[in-house]
Amino acid sequence: MSMPRHLTLALLATGLLASTPALAQAVTHGFADAAMQERQCQAKGWQRVVTQVAGLSRQVLWKAPTGPWTKGAILVMHGGGGQHFQWCVANARIVQPQVNFSEMAVADGFAVLLLNSSDQVTDHQGRACGKVWDDEVRERANLDLPFLGQVMRELLPSLRPAGSRPEIFLAGHSSGGYMAVRAATHFDDLVTAFAPVASGDPYGWHRLCEAGMNARTTVHGAGFDNETRRQITEPDACRAERHPNETPWDSTRPATLPAFRLFRHEQDGINDRSCTEKVGRQLRERGYRGEPDFVLMGGRRSLAAHYWQDGYNRPLLDFFNAQLVDTPLGAPR
C-alpha cells in the first residue's frame, strides 16, 4: 500500500532537511531578525520603501546604478517561506547565489527591486498558507496583483531617473516564479520579459494549506496539479495530455506579448520538471515568445536542486539584455 501523498511529502522534506543541516536552519528558522537583515542591506546601498496596498503593508528594497538605468528594472520575487532581504544579504550560504544575482544585475546597469510577499494568503477553504505569493486564481480578491501593479505603475516612475530605459523585467523563484507568470500575463502590457525559476503554471495548480502537510514552519500545506491531482513534488506530477481544469488566463491583449525563458534544474525534487515544462507549453500556446529552457544537470533528485543556483545568474541576465530595444522612455514597448 502506498503512503498518503501528504505524508510522502512530509517525509521527503524532513529527510532532505535532516540530511543538510544548513538547509534546515535556513528553511525552518523564523525571521525575528528581519529588521537587522534589512539594515545590513541598507548598509550595502539598498533603499527601503514601505507602502500600503489593499490594506496590507508591503515592503520593497531597491538598488540601482548611479545615474540613468541603462538596462531598465528587474522586479524580483523570492521563494515560498523566503524574504526579500535574502537577495541582498547572505546570512545563510544557500542564499548567496541570490545575492550574487542582485549584485551582478546592478553592475550590469539594471535597477533591482526586491519585493516581499505577505503572509496572508489562504487556500480555497480559507486556511492560511504561510509566507507565499498569491499566484492562484481564486474567487476572492488577489493580494499581490495590486502590489505588483502599484510598483510598476507608480513606484518605478517615481524612482526612475531621467534618461533611463523603460523596460520592466520579472524574475521569481519557486512560489515567486509562479507569481512571476501570473503577474507577467496579468500585466502583459507593462512587462517586457520574465524569467521564472524552479516554478510552474499558476493557472493550472492549487494549494491545500492544511497544517502538518509538510515539515516547514513558514509555509503550510502542499501544491497539486489541477489535472493529475498529484503533488508537484512527484515525478511527472504535471504531465497530462489535456487540460480541462486550466483556469482562465489573465491578459490585457497587447499587440506585443512579453518574452520569457524558464530556468530549472533537472533534479529538482520539490517542483518536478514536468511542472516547468507544462507552463512553457501553456505560455507558447497563448502566443508568448519563449526562448529554449535553461536546464542545469547533474546530481540526484533533491531539495538542494530546487534552490536558486549561481549557474542561472549570467544566462538569466543575458536573456534580459537580449530583450532591450531602441525604445525611448515613455514610448510604448
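Cys275 is buried, because its relative accessibility is 1% and the term applies under 20% relative accessible area, with exposed meaning over 50% and partly exposed in between (1.4 Å probe, protein chains only). Its partner is Cys238: the two form a disulfide with their sulfur atoms 2.1 Å apart, where a disulfide is a pair of cysteine sulfur atoms within 2.5 Å. Cys238 sits in the loop between β10 and β11 (259-260) and Cys275 in helix α7, so the bond ties together parts that are 37 residues apart in sequence. Helices (H or I, at least four residues) and strands (E, at least two) are DSSP runs here, numbered from the N terminus. Cys238 counts as buried too, because its relative accessibility is 4%. The torsion about this S-S bond is about 70°, so the disulfide is right-handed.

Before going further, a word on the model itself. It is a predicted one, in which local features need pLDDT of at least 70 and side-chain atom pairs count only at pLDDT 80 or more, while totals for chains, interfaces and linings use all residues. Residues are numbered from 1 along each chain as its sequence is written, and side-chain values use heavy atoms, with hydrogens and water left out.

Ser274 counts as buried because its relative accessibility is 1%. Its side chain reaches the backbone nitrogen of Ala237 at 3.2 Å. Leaving aside neighbours within four places in sequence, Ser274 is in contact (heavy atoms within 4.5 Å) with Asp236, Ala237, Cys238 and Arg239. One of these, Cys238, is the disulfide partner of Cys275.

How many disulfides does a search of the whole structure find? There are three, and with the bonded cysteines numbered in sequence order the pairing is 1-2, 3-4, 5-6.

Cys41 and Cys88 form another of them, with 2.0 Å between their sulfur atoms. This bond links distant parts of the chain, as Cys41 belongs to helix α3 (residues 34-43) and Cys88 to the loop between β3 and α4 (96-108), 47 residues apart. The torsion about the S-S bond is about 90°, so this disulfide is right-handed. Both Cys41 and Cys88 are buried.

Cys129 and Cys209 are joined as well, S to S 2.0 Å. Here the link runs from strand β6 (residues 128-130), which holds Cys129, to the loop between β9 (205-208) and β10 (222-225), which holds Cys209, 80 residues apart. With 90° about the S-S bond, the link is right-handed. Cys129 is buried because its relative accessible area is 0%, and Cys209 counts as buried because its relative accessibility is 2%.

Now for the aromatic rings. Rings of Phe, Tyr and Trp (its six-membered ring) pair if their centres lie within 6.5 Å; planes under 30 degrees apart count as stacked, over 60 as edge-to-face and the rest as tilted. By this rule there are 15 aromatic pairs. Ring pairs link Trp87, Phe101, Phe263, Phe294, Trp308 and Tyr312 into a cluster.

Finally, where is confidence lowest and where highest? On the pLDDT scale, the predictor's confidence in each residue from 0 to 100, the lowest mean is 34, in helix α1 (residues 5-19), and the highest is 99, in strand β3 (residues 73-77). Over residues 1-32 the pLDDT is below 50, and this stretch has 48 contacts in the model beyond near neighbours in sequence. Residues 328-333 also stay under 50, with 14 contacts beyond four places in sequence. For the chain, the mean pLDDT is 89, and 87% of its residues reach 70 or more.

Technical notes: A polar contact is a pair of N or O atoms within 3.5 Å; within protein, one must be able to donate a hydrogen and the other to accept it, and residues adjacent in sequence count only if both atoms are side-chain atoms.
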